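Please keep the structure open while reading.

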Amino acid sequence: MKASEIRSKWLEFFASKGHKIEPSSSLVPHNDPSLLWINAGMAPLKPYFDGRVVPENPRIVNAQKCIRTNDIENVGKTRRHHTFFEMLGNFSIGDYFKEEVITWAWEFLTDPKWIGFDPERLSVTVYPEDTEAFEFWNKKIGLPEERIYKLEENFWDIGEGPCGPCTEIFYDRGDKYGDLSDPECWPGGENERFLEVWNLVFSQFNHNKDGSYTPLPNKNIDTGAGLERFASILQDVDSNFDTDLFQPIIQETCRIAGVKYHENEETDVALKVIADHVRTVAFAIGDGVLPTNDGRGYVIRRLLRRAVRYGKVIGMDKPFLYELVPVVGEIMGEYYQEVVENQEFIRKVIRIEEERFHETLSDGLSILSDMVERTRAAGGRAISGPDAFKLYDTYGFPVDLTEDFANEQGLAVDREGFETSMEEQRQRARVARSDAGSMKIQGGALSDLTDKSEFVGYTELVVPAKIVAVIHENELVDTVGTGEACQVILDRTPFYAESGGQVADRGIITGEGVRLVVHEVGKAPHGQHVHSVTVEQGVLSQGADVTAEVTEALRGETVRNHTATHLLHKALKEVLGSHVNQAGSLVAPDRLRFDFSHFGGITPEELQDVERRVNAQIWANTPVDISLRAIDEAKEMGAMALFGEKYGDIVRVVRVGDYSLELCGGCHVQSTGEIGLFKIISESGIGSGIRRIEAATSRNAYEYVDSQLQLLKEAAGILKSGAGDVPKRLEGTLQQMKDLSRENESLRARLGRIEAGALEGRLKEVAGVPVLAAEVNASDMESLRSIVDEMKVKLGSAVIVLGAAAGDKVNLVAAVTPDLVAKGLHAGKLIKETAAKCGGGGGGRPDMAQAGGKDASKLKEALDGVEALVTGQIS
């Protein structure tokens with residue numbers, strides 16, 4: 001059975017049990033520390049489980065794409081370790097529980113219509129205290145007791161938040177994969193015979209901050225089954241890498257490299273690593289995660305470089321991974337269309353990254369050569385662990401390559417020190433993951449509220465309303481007094497809650513004897529708009545009739561900026577290419593910020609073209625049409641769905657004429673002419689593959705342009721020219737400065753030669769060494785160095801110390817010719833002691849040094865002491 005067929009059967013089976021199929025979407029961070037990212041379509045499970053969001057359907061099913069890199073070193077060396085894999089999941093949010101999920105699991109696995117496993121080959125593990133699950137397996141399913149194993153580790157718990165016992169289902173692959181006489185050959189043991197295919201987690205407890213456990217109000221189901229494992233069993237192959245999910249990639253790699261699979265272990269490991277990593281990288285880049293030196297992007301860069309390194313094992317010394325992207329698309333594109341739709345962009349990014357790393361490998365070898373020389377000079381026998389780790393972590397240079405090179409040079413690598421540094425980094429990563437957020441306890445005032453609240457702010461900015469709830473310090477209260485801060489929910493509200501990059505509305509809520517100032521607006525678990533307010537006057541009471549009023553001027557500026565971001569997004573795609581996708585945004589009253597994916601810089605001409613296109617749409621006064629559509633209909637229309645956003649079955653489509661079409665829940669103008677003017681203020685790179693544009697519209701754009709014109713007028717006044725002549729006048733002024741600088745250099749050299757000519761007669765011999773210590777006229781340190789250089793040429797062999805007063809301060813320069821440096825004389829030490837007598841300090845090399853002093857009155861005394869210092873150095 002093909003892997004794609006297994007996935008389809010999974011979705012079809014649970015859809016027949018009333019589950020809503022969550023579509024595939026972008027990868028986002030996951031709460032489970034063992035998973036780096038998971039399908040964004042399942043991201044709402046976290047707030048579902050802790051009660052912050054109520055799902056449309058409590059039954060959910062999905063094929064989730066997951067990335068995990070906590071055991072990357074095992075990839076290619078075992079049958080089933082992967083950095084990218086598909087987890088088939090079915091979920092119940094307070095709906096069905098143990099009996100139903102166990103019954104359905106058995107049906108799906110054993111019914112020939114679905115998977116059709118031999119029931120005699122299935123066994124399970126349960127948590128010892130979970131007698132309920134044991135009874136369901138034994139009494140209802142009819143599984144013999146000897147095939148039900150009780151294990152203490154069958155309790156799913158990742159720290160604070162929902163947790164509970166679990167039951168794991170194992171498939172017996174037969175004698176070929178293990179002998180039952182082996183004490184480890186049983187479900188749950190370390191063996192290849194009993195393969196875990198499905199884990200059913202019963203989330204019925206909450207792990208509290210104090211370490212205690214309490215029952216959850218709603219019991220949830222969270223299951224995970226490995227598609228790759230199903231495929232290996234149903235296709236009767238030795239490992240996941242031999243399934244139709246990997247073999248086309250492996251075979252194409254063999255063709256490109258001219259090698260064969262299953263000829264030797266080293267080649268096989270390399271082929272498996274390459275196949276695994278290119279899948280991961282292709283999906284991540286397709287979801288907008290580009291290679292960088294930190295965060296998610298660093299993980300992708302590391303995987304890419306690791307695959308390049310394994311490419312060298314099979315003789316690939318040039319970019320080739322990008323050629324495998326179409327094969328990934330052929331395997332996965334039926335369900336994950338993004339790897340096909342974004343194929344050219346993915347190929348481009350991977351190729352650029354490969355080319356850069358091939359250069360990095362050369363740089364790494366150069367740095368490694370320096371490390372070898374330093375190690376030898378210090379009498380060491382091994383490159384230090386921290387040095388090897390720096391090569392690996394900073395330059396992406398694999399430690400095994402470091403070892404190979406070191407061995408060729410007769411050195412070792414402190415592998416233990418390297419592993420210590422690696423473990424320290426892993427610990428930092430674990431802390432970072434745990435800090436990223438975990439499921440919190442259910443309950444709280446907001447999650448208990450089910451009162452309806454209608455948002456009417458798309459069309460109305462002032463509305464009568466009733467206060468249905470008042471929350472103070474996370475508790476529902478009846479009243480709040482003057483000066484207090486609290487949260488309120490209205491039965492209807494014109495205030496937009498911050499989302500999709502658009503900031504929340506500001507304004508006031510007034511009633512009989514009470515006035516509230518609205519600072520922020522967010523959303524409660526059940527979707528109500530929660531207004532964060534300060535009671536400016538009177539006493540706020542639950543149930544009071546009020547008037548809610550949005551500050552119209554701020555809303556107007558915000559909507560102009562929001563529609564402008566849609567125009568900007570489209571213009572960027574037109575100018576730079578269809579690969580451009582939004583990676584973040586901020587829509588505020590005074591400005592807009594737009595982050596987007598683009599692997600390269602943007603020229604001034606391209607930026608000007610983008611700005612011109614946006615303004616052309618504004619000046620055309622194009623109508624903006626907003627409608628509600630079914631998600632499938634909207635996608636058929638060509639509406640852009642933005643990175644990381646989750647959409648329901650009915651979506652809001654914002655169309656700007658025939659120019660822009662996006663799914664958006666934000667507020668917009670009625671026609672583009674209302675925007676007035678669009679002006680880009682800045683453009684920059686904020687990370688590898690991510691650019692940022694900041695811009696302004698309308699009044700703020702005018703004020704920005706006006707401020708720039710005022711600066712231009714000021715510059716014209718200073719240059720005594722018209723504004724239009726400023727560039728030409730500046731060019732002339734800069735050329736004059738260059739000419740004067742050259743003339744100044746020439747004069748300085750002439751003065752230096754004159755000074756030097758006058759100094760020759762002041763040369764003295766000290767213990768057989770020619771010494772010149774004198775005060776000269778030099779306006780700055782550069783002039784002083786010129787005189788010293790001139791004297792070195794004239795004298796050939798000498799110790800030279802010259803000083804010049806610069807107001808109350810002193811400049812000093814010392815030089816020792818090479819022949820005298822060889823005798824132990826040191827300019828840096830001479831200048832340090834000389835400067836100290838003038839209240840200053842400095843130093844430098846044995847042949848040249850400079851310093852400064854604070855007391856010009858001590859200069860003569862300091863220079864008179866040079867002869868004694870030279871005598872001291874000689875002796």
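The side chains of R492 and E460 form a salt bridge, with N and O 3.7 Å apart. A salt bridge here is a side-chain nitrogen of Lys or Arg within 4 Å of a carboxyl oxygen of Asp or Glu. R492 sits in strand β19 (residues 492-493) and E460 in the loop between β14 (454-455) and β15 (462-472), so the bridge ties together parts 32 residues apart in sequence. The model is predicted: local features need pLDDT of at least 70, side-chain atom pairs count only at pLDDT 80 or more, and totals for chains, interfaces and linings use all residues. Residues are numbered from 1 along each chain as its sequence is written, and side-chain values use heavy atoms, with hydrogens and water left out.

**Exposure of the first pair**
- R492 is partly exposed, at 22% relative accessibility.
- E460 is also partly exposed, with a relative accessible area of 31%.
- The classes are buried (under 20% relative accessible area), exposed (over 50%) and partly exposed (in between), using a 1.4 Å probe and protein chains only.

**Other salt bridges**
- The whole structure holds 45 salt bridges.
- R147 and E120 form one of them, at 3.5 Å from N to O.
- This pair links distant parts of the chain, 27 residues apart: R147 is in the loop between α4 (131-141) and β7 (148-150), and E120 is in the loop between α3 (98-110) and β6 (122-126).
- R147 is buried, with a relative accessible area of 17%, whereas E120 is exposed at 56%.
- R742 bridges to D739, with the closest N and O atoms 2.4 Å apart.
- R742 and D739 are 3 residues apart in helix α20 (residues 726-759), so about one helical turn separates them.
- D739 is partly exposed, with a relative accessible area of 35%.
- R79, R80, E192 and D238 are linked in a network of salt bridges.

**Helix α7**
- Helices (H or I, at least four residues) and strands (E, at least two) are DSSP runs, numbered from the N terminus.
- Helix α7 covers residues 265-286, 22 residues in total.
- From first C-alpha to last, α7 reaches 32 Å, close to the 32 Å expected at 1.5 Å a residue.
- That expected span is 1.5 Å times one less than the number of residues.
- α7 is mostly covered, with 20 of its 22 residues buried.
- N264 caps the N-terminal end of α7, with a side-chain oxygen 3.2 Å from the backbone nitrogen of E266.
- G288 follows α7 and has a positive phi, near 95°.

Note on methods: Polar contact = N/O pair within 3.5 Å; in protein donor to acceptor, adjacent residues only side chain to side chain.
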